[in-house]
Amino acid sequence: MRNPLSQVVQEIKPSGIRKFFDIVSEMKDAISLGVGEPDFDTPWHVREEGIYSLEKGRTFYTSNAGLKELRVEIANYINRRFQISYNADKEILITVGGSEAIDLAVRALVNPGEEVLIPMPSFVSYLPCVQLAYGIPVIIELKEENEFRLTKKELLEHITDKTKLLVLPFPNNPTGAIMPRRELEEIAEVCVEKDIFVVSDEIYAELSYYGERHVSIAEMPGMKERTILINGFSKAYAMTGWRLGYVCAPEIILSQMLKIHQFAIMCAPTTSQYAAVEAIRNGDRDVAEMTQSYNQRRRFLLNEFREMGLECFEPYGAFYVFPNIKKYGMTSEEFAEKLLEEEKVAVVPGTAFGDCGEGYVRISYAYSLERLKLALNRIKSFVERHRGDI
Amino acid sequence: MVELTELRKLILGVIEKNSRIDVHELSVLLGATEIEVANALTEMEKEKVICGYHTLINWENTSDERVNAMIEVQVTPQRGEGFDRIAERIYNFSEVNAVYLMSGGYDFLILLEEKTMRAVSHFVSEKLSTIEAVRGTATHFVLKKYKDHGTVLTENKTDERMVITP
């Protein structure tokens, strides 16, 4: 029998998280700080709206682009929040989570052999999406000394005449880094000057604890026409399982993304779309409350790290901290495995988010303070015990 | 009326759910100094914004029997004294947990906690109904508490998320 498999798929590395997941799942009393989703339940009024839509028998397909009502609400939200106006009919598409939107954007924009800039450490799916689209991923290794922000210099160094697209993953998973307005303006200038398009993954936009609220690159002069803005309901409204994201982009790009979406997906889940209308209309208070909790936990963790001497730059976004573990003389994977073995605390090795995550681990604070306290006590004994190893 | 600063609002938000938290931890969570937090707490205590640090106890999980009743009370307000004087006569009883002046079909709502039903009935017939201004009462007994002070008492939540996700 000949090889049944596509070469490009075979070349994709399986997710680095998998192996670790298997070990943790089998350990009964482990405390996991390894999840990438909120610990809050979807607010009840949102769940209730989903239930109501089922009771009313709203169980059919929606239009390919998604419920008009929802697209209008998204346009309003983007407008009041970022002062960018999108046409709800032609420039907004509801997707199955932010993940689908990433895939659509890359496939709609990249020709075989064109280069896509991916800052790393970052979310695990940018790289395989580019590979599947026969693009050439070009990795920009972000640096702790820059607080894992993308600098103009780093961007310029990686641009060639084949560069088509920049993935901009901020607020960032796994580092928690954000891009403040000033730095973002510099990136935008380069993109305009070098004629580069941007896929801006802003799924954590609402979870930002910096002085100013999250800024979108699409707000910058000359950027709306070259930005594919991705957002969704998973993180802000604690709706991961509903699988609902969206993308805002110029019509010329969105219409092509819509084609892939309509043939591959048809439409996003109808129940989720009805629930999302309620979330975006009446969910501001929930978002504010959850953000406040995350921010408190973030401060708590950073303070604990300081006290136990675990180095960590201050992250201002998402719900992750990314401490530097280099001084313990272990790789990220060794650190994570030992921590799990010895103290039964699960964190994710930084290398799961790119080779340049070596020397770091991702700790999620999508957990109650009580749970974090318990876990942090164990981490404290661990780092104190291994300080002598060096 | 006391104007609440941003820090005070944040403090109240935390201690409303967790009054045992200490000043140090509060200051860490809120990104303020311990002195700022301690001062704000002392001032709010003085101003009677913070009226106590109570504990939410679910007696149903103990062998200790408690009877909770809600009593609607209709009264005839006294000239020159209004409702406040009557309320005072009611809330001074130590078994009365709360007294609210209500809009609608009756005037006061009393939350009462007693050891036995007989004690409740004794309170209503001997203490409450005999107050001159009281025209009528309706007593409702609590059968089960599902949620109290914003806290669900009846369910044990488990974390159903997968242990590691990207």
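**View 1. Three salt bridges cross the interface of chain B and chain A in this predicted model**. A salt bridge here puts a side-chain nitrogen of Lys or Arg within 4 Å of a carboxyl oxygen of Asp or Glu. Look for Lys373(A) and Glu25(B), whose side chains meet in a salt bridge at 2.7 Å, N to O. On the side of chain B that touches chain A, helix H1 (6–15) and helix H2 (23–30) of chain B each give two or more residues, and H2(B) gives the most, with five. Helices are DSSP runs (H or I, at least four residues) and strands are too (E, at least two), numbered from the N terminus.

**View 2. Here 16 residues of chain B are in contact with 32 residues of chain A**. Contact means heavy atoms within 4.5 Å. Arg161(B), Ile164(B) and Pro166(B) supply 38% of the area that chain B buries against chain A, more than any other three residues. Together the two chains bury about 1,900 Å², counted as accessible area (1.4 Å probe) lost on being put together, summed over both.

**View 3. The second largest pocket is lined by 47 residues**. Nearest its centre lie Ser15(A), Phe123(A), Val124(A), Ser125(A) and Pro166(B). A pocket is an open set of points on a 1 Å grid over the protein atoms alone, where a 1.4 Å probe fits, with protein on both sides within 12 Å along at least five of seven lines; lining residues have an atom within 4 Å of a point.

**Notes.** Residues are numbered from 1 along each chain as its sequence is written, and chains are lettered from A and ligands numbered from 1 in the order written. Local features need pLDDT of at least 70, side-chain atom pairs count only at pLDDT 80 or more, and totals for chains, interfaces and linings use all residues, while side-chain values use heavy atoms, leaving out hydrogens and water.
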